[in-house]
Amino acid sequence: MLRTDGGAVGLGAATPEANVTGETAAACGQALDAAALSWLEGGDVRRVGAHCEEARRRMAATPGALAAVDMALHDLFARDLGVPLADALGRVHEGFPTSVTLGIQNEREALALAEELVAAGFTILKVKTGESLRQDVELVRRLSERFGPSVKLRCDANAGYSVAEAVAFLEQTEDLAVEFLEQPVPAGDDGLRRMPDRWRDAVAADESLLDERDALSLAAPPRACGVFNIKLMKCGGIRPALRIASLADAAGIGVMWGCMDESVIGIAAALHAALAAPATRYLDLDGSFDLARDVAEGGFAVRNGELTLSGEPGLGVRLVGE
């Protein structure tokens, strides 16, 4: 939370993921300590760009903490203008349906959960795969048979396949309602570029895409994938995320906005950015749905699986009880 002398409050939230970015919870907490952020004292909320760049210089090693500060600064900026952040950024979309996740589980449990989610109005399922090619293909086929074209499927192998297995999965599910396969092979060693040309547009980069440098590398001809999964916790917040989205747009790459398991603060921030990015094609912003308790509320509405903004200034979120 950042507070101005006038009492305005900007909210941000961090979900560090050591396995993805190397940022530990302890390092994140230290970076967000009041003393570590004392350089913001006396700043002008209208100079959000300058503050975000200074935060980036100081907090490059802790992208989750950086994202929290970036969100809070953008929240204050748009609140000062009295408009939703998406409008301040230049909104070009009104809303998108989000996918919801089926984690690694047995087929019976996955099908039962899928029934619940579809009954709740969601029309896009993100299926976690990558542990058994045969079982993965069978589950996707069963889901496709059960729901038909009315429910779209996105598959996320979490770098669990070899190139040969990824190709086999795509070949064996080509006739089904699979939109794309996310991060089929490990990051590094130019893994995605080892996929055959025919399948690259059917692949989304996640673990291979952390920051703008990764985006430039992936977008360089011949591009390594057809979709970027942008997460604020990987790249350090709204400002760098929109730069990545611009690179994707120039390269003809679609953008999906993803998340960790996180507060509605982070989900709302990603949604505002998504609605201001021309390259946005997909949302995977379900990270707050299963939280037992959240510190905040508001920000967006969910209707039949579609996320739209609340219309309130800034991020539109507030702390629970305030």
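**The strands and their surroundings**

Author: Eight strands make up an open sheet with parallel pairing, and their order across it is β4-β5-β6-β7-β8-β9-β10-β11. Strands (E, at least two residues) and helices (H or I, at least four) are DSSP runs numbered from the N terminus, and two strands pair if DSSP finds at least two bridges between them. At the edges of this sheet stand β4 (100-102) and β11 (280-283), each of which pairs on one side only. From one strand to the next, the twist averages 30 degrees; the axes behind such angles are lines fitted to C-alpha atoms, for helices over the stretch in contact, and angles run from 0 to 180 degrees between N-to-C directions.

Before going further, please keep in mind that this is a predicted model, in which local features need pLDDT of at least 70 and side-chain atom pairs count only at pLDDT 80 or more, while totals for chains, interfaces and linings use all residues. Residues are numbered from 1 along each chain as its sequence is written, and side-chain values use heavy atoms, with hydrogens and water left out.

Within the parallel sheet, strand β9 (residues 227-230) is joined to strand β10 (residues 254-257) by four bridges, again in the parallel sense, and in this pair N229 has M256 of β10 as its bridge partner.

The C-alpha atom of E138 is separated by 39 Å from that of G298, 160 residues apart along the chain.

A second open sheet has three strands in the order β3-β14-β13, and its pairing is antiparallel. Because β3 (95-97) and β13 stand at its edges with a single partner strand each, one side of each is left without a neighbour in the sheet. Neighbouring strands here are turned by 25 degrees against each other on average, direction ignored. Helix α12 (residues 264-275) packs on this sheet and touches β3, β13 and β14, while its direction makes about 85 degrees with that of β14.

Strand β13 (residues 300-303) runs antiparallel to strand β14 (residues 306-309), and four bridges join them. A301 stands opposite T308, whereas V302 has L307 as its bridge partner. The two strands form a hairpin with two residues between them, and N304 in the turn has a positive phi of about 50 degrees.

Leaving aside neighbours within four places in sequence, V9 is in contact (heavy atoms within 4.5 Å) with M1, L2, R3, D75, L76 and R79.

Helix α4 holds V69, a buried residue with a relative accessible area of 3%. Beyond four places in sequence, V69 is in contact with L2, L32, L37, L40, A55 and M59.

Finally, the structure holds one cavity of 30 Å³ or more, a cavity being a set of points on a 1 Å grid over the protein atoms alone where a 1.4 Å probe fits but cannot get out, and lining residues having an atom within 4 Å of a point. The largest cavity has a volume of about 40 Å³, counted as the space filled by probe spheres set on the points, which are joined across faces, edges and corners. C52, E53, R56, L66, D70, G236, R239, P240 and R243 line this cavity, and the elements giving two or more residues to the lining are α3 (48-58), α4 (63-81) and α11 (238-251). The lining divides into three nonpolar, one polar and five charged residues, with Ala, Val, Leu, Ile, Met, Phe, Trp, Tyr, Cys and Pro counted as nonpolar, Asp, Glu, Lys and Arg as charged, and the others, Gly among them, as polar.

Note on methods:
1 Å grid on protein atoms, 1.4 Å probe; cavity = no way out; pocket = protein on both sides within 12 Å on 5 of 7 lines; lining within 4 Å. Buried < 20%, exposed > 50% of the residue type's maximum accessible area, 1.4 Å probe, protein only.
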